[in-house]
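Me: I would like to learn how to read a structure such as this one, feature by feature. Could you give me the general idea each time, and then the case at hand?

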Amino acid sequence: MKTLPQLFENNQNWVSEIIRSDPAFFQKLSQQQAPKFLWIGCSDSRVPANEIVGLLPGEMFVHRNVANIVIHSDMNCLSVIQYAVEVLKIRHIIVCGHYGCGGVKAAIENCSHGLIDNWLGHIRDIYRIRQKELMLIVDDKKRVDRLCELNVMEQVKNVGNTTFVRDAWAKGESIVIHGWIYAISNGFLKDLNFSISSTKELNELEEK
Ligand code: CO
């Protein structure tokens, strides 16, 4: 199929619905972008950022990749964080993982998945570092879920270690990085209580 008419029809219905509640919605949105949150989440189609937290277009800046990883040298993710912090002046950065993440699962499987194994090597590192704790979990699914949580925590620290966030903190700006996890099976979000809001807090976590 060269065209996807259903999606265009859905789009027209969506526009009508939004205009019905706010006729000037798109006009206002086209003037400026002032989101209050940056969401760093997994590309998984079952974890749609805005919908989960009930936010409209314009309310959340979003970056997604396989297994919600923040790598120190990933220009794509770093550019998003820099723009969010320095230009949009976003003060809440949310790293949101999800249970049963296929990327996390694939990272610890003993088979080849091609190119993506290089990307997922970052999760294998976390697995290796936390192996003691993880090997105590007998159930395979629960072990993957715990690794999904540990991955979020690691990525929260990685966001905190970006030069932009460190610079902002050094200037006394308040930026909070939140670690959340989403359950596809029931739709609920869970706060992992791993938020950091200063270099001091970050350093304390890294010493653990
Ligand atoms: Co995932």
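Reply: Let us begin with burial: a residue is called buried when its relative accessible area is under 20%, exposed when it is over 50%, and partly exposed in between, using a 1.4 Å probe and protein chains only. By that rule F25 is buried, because its relative accessible area is 11%, whereas F26, with 27%, is partly exposed. Please keep in mind that this is a predicted model, in which local features need pLDDT of at least 70 and side-chain atom pairs count only at pLDDT 80 or more, while totals for chains, interfaces and linings use all residues. Residues are numbered from 1 along each chain as its sequence is written, and side-chain values use heavy atoms, with hydrogens and water left out.

Me: What percentage of the residues of the chain count as buried, and how many helices and strands does the chain have?

Reply: Helices (H or I, at least four residues) and strands (E, at least two) are DSSP runs, numbered from the N terminus. Here the chain has 10 helices and 5 strands, and 40% of its 208 residues count as buried. The C-alpha trace spans about 55 × 50 × 30 Å along its principal axes.

Me: How should I read aromatic pairs, and how many does the structure hold?

Reply: Rings of Phe, Tyr and Trp (for Trp, the six-membered ring) pair if their centres lie within 6.5 Å; planes under 30 degrees apart count as stacked, over 60 as edge-to-face, and the rest as tilted. The structure holds 4 such pairs. One of them joins F25 and F26, edge-to-face, with 5.1 Å from centre to centre and 90° between the planes. The pair of F61 and Y83 is tilted, because the ring centres are 5.9 Å apart and the planes stand at 35°. That pair links distant parts of the chain, since F61 lies in strand β2 (residues 60-65) and Y83 in helix α4 (residues 75-87), 22 residues apart. F61 is buried because its relative accessible area is 16%, whereas Y83, at 36%, counts as partly exposed.

Me: Where does H178 lie, and which side chain does H178 join through a polar contact?

Reply: H178 lies in strand β4 (residues 176-182) and counts as buried, because its relative accessibility is 13%. Its side chain is joined to that of H92 by a polar contact of 2.8 Å. Not counting residues up to four places away in sequence, H178 touches H92, I93, I94, V95, V156 and S195. By way of contrast, the C-alpha atoms of H178 and N10, which are 168 residues apart along the chain, are separated by 33 Å.

Me: What share of the contacts in the chain with a separation of 6 or more comes from residues 24 or more positions apart?

Reply: Such residues account for 62% of those contacts.

Conventions. Contact means heavy atoms within 4.5 Å. A polar contact is a pair of N or O atoms within 3.5 Å; within protein, one must be able to donate a hydrogen and the other to accept it, and residues adjacent in sequence count only if both atoms are side-chain atoms.
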